[in-house]
Amino acid sequence: MKLTFITYFVTFSQCCQAWISPITTIKGPYARPNFTSLKASTSRNEFNVVLRPSENPESFDSQKIGAARVHRYARDSNDSEAEYIMWYHGRSLDFDGESKLPPLSTGRIGRAISRNGLHWEKEEIGSASEDIGGVSLGLNKESWWGFDTAHVGLGQVLLPMSTPAVMTDGGVYLMYYMGGNFEETSVSQYLEGEVKGAENMNIQGMNMKIGVALSQDGVSFGRVEGDDPSGAIMAPYDKSDPNMKYMAAMRDDDGSRLNLEEELYCAWPEVAVNDVAVDERGTGSPLKNFYMFYSTMLKATKEKVIGVAVSDDGFRWFKRGISLKPDADGMDNGGCARCSVIRKAIYTDDGTWENDKGWYMFYEGVSLEDGKHRIMAAESDDLRKWKKLGVILDVGEDGSWDFGGVGSPHLLRLDDGSTRMYYTGQCADGRTAIGVAVSRDNILNWVREQATLPSTV
């Protein structure tokens, strides 16, 4: 039976996420790997690591971290000393002591600050309303029926009441996040094919949904209750759910029938704001104000895909089907997940960025050949139809800190005309960290960026 469980564990872990330790670290059916700091490791080529799990075992992020989302703000348009803020999620060593949740890096959400985007200091205090220090958004303790009582993970952070580069008084942060509760679901529904014994095994927190929270300072966030009975703003489509009966007859923005496919979870939301003037929108350009791209698994085929939803206000969302699917002969033939969407832009002669027509999506592609995640790209004019462009950041060389996989990309344009990518990397033994890569000319050409780490990280 132990061998059967190990087979299930490996298969299920590959189904739901990238960052899972190899089976050699598992010493019992529900045992968890032991994690140590990257600082203490002998892994080579760590020159581009900017954030690691905390060495303090009591910290909320002492086991794993992931999903870095970084913004760069000046306090006013004349401020040359910009401030970088990173939000990320992490899981502590004592989180999920009974190993009943998905083996993810999700748990709670915290943040770090920097003056140059490379040297980071983690916030140690966090929100006064949370049960552990350094946390900006933790577990939902107020609503026992909520979708986010067991674990939460970061999707995206927006500041819609200010420009993308200048902080103003009264700006409100919108944090899009996902969460899971203690509801049990059968492991078998997430596995392709039959695995002996899986029908008798359950897992908690896998029926993930998406929520939104607001903040005035970027440190303490308050949840906004969505239309779903669980409080979520986006839930997996289930034909048998009476609250979703209306979706069967929904039509797309062009009037065509949608024919939505059933989903097993909704997670890792990425929200793109359409800043094209309303009177300039039309055929071949985005029509709605907000577009959400989220990771999901299709119930019928068990494919890992990226779904899309649209909104006029950023709070009430309407599904529009699948945005990106695996290609049988591509490096994403095992699935597509966790993306970042950015407007195309041109760096002008006067040293500023100007929007160009179209969008890029950077996403994780899972390869069936080696089971590893790589960062791939696609492009679109209207945020609906995407053309894939292939792998743009591969896993690190053998023995490096990100040899096990790279993913969860997030892009930031810099004043010198370069673009920086923050991404999550995984060692061969399962440890995770945040690294950086840079593109200095063509946004499809990336190299790992040199970063000097302070001794306190």
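A salt bridge is taken as a side-chain nitrogen of Lys or Arg within 4 Å of a carboxyl oxygen of Asp or Glu. The model is predicted, so local features need pLDDT of at least 70 and side-chain atom pairs count only at pLDDT 80 or more, while totals for chains, interfaces and linings use all residues. Residues are numbered from 1 along each chain as its sequence is written, and side-chain values use heavy atoms, with hydrogens and water left out.

A search of the whole structure returns 25 salt bridges. In one of them, Arg338 pairs with Glu364, with 2.7 Å between the closest N and O atoms. Arg338 belongs to strand 17 and Glu364 to strand 18, 26 residues apart. Strands here are DSSP runs (E, at least two residues), numbered from the N terminus. Arg338 is buried, at 4% relative accessible area. Glu364 is buried as well, at 0%. Buried means under 20% relative accessible area, exposed over 50% and partly exposed in between (1.4 Å probe, protein chains only).

Arg374 forms a salt bridge with Asp394, the closest N and O atoms lying 2.6 Å apart. This pair links strand 19, which holds Arg374, to the loop between strand 20 and strand 21, which holds Asp394. The two residues are 20 apart in the chain. Arg374 is buried at 7% relative accessibility, whereas Asp394 is partly exposed at 37%.

Glu449 and Arg420 form a further salt bridge, at 2.9 Å between the closest N and O atoms. Glu449 lies in the segment after strand 24 (447-448) and Arg420 in strand 22, so the contact ties together parts 29 residues apart in sequence. Both Glu449 and Arg420 are buried. Elsewhere, salt bridges link Asp252, Asp253, Arg320 and Arg384 in a network.

Two strands pair if DSSP finds at least two bridges between them. Strand 18 (residues 353-366) and strand 19 (residues 373-380) run antiparallel and are joined by eight bridges. Phe362 has Ala377 of strand 19 as its bridge partner.

The structure holds 11 aromatic pairs. Rings of Phe, Tyr and Trp (its six-membered ring) pair if their centres lie within 6.5 Å; planes under 30 degrees apart count as stacked, over 60 as edge-to-face and the rest as tilted. Phe290 and Trp317 have ring centres 6.4 Å apart and planes at 75°, so they are edge-to-face. Phe290 is in strand 14 (residues 290-297), and Trp317 is in the loop between strand 15 (304-311) and strand 16 (318-324). Both count as buried, Phe290 at 12% relative accessibility and Trp317 at 7%. Ring pairs link these two residues and Tyr176 into a cluster.

The rings of Trp401 and Tyr423 have centres 5.7 Å apart and planes at 25°, so this pair is stacked. Trp401 sits in the loop between strand 20 (387-393) and strand 21 (405-413), 22 residues from Tyr423 in strand 22 (residues 419-426). Trp401 is buried at 0% relative accessible area; Tyr423 is likewise buried at 0%.

Charges also sit over rings (NZ of Lys or CZ of Arg within 6 Å of the ring centre and within 35 degrees of the ring normal). The charged end of Lys344 is over the ring of Tyr360, 4.9 Å from its centre. That of Arg413 is over the ring of Trp353, 5.1 Å from its centre.

Definitions and conventions: Helix = DSSP H or I, 4+ residues; strand = E, 2+ residues; numbered from the N terminus.
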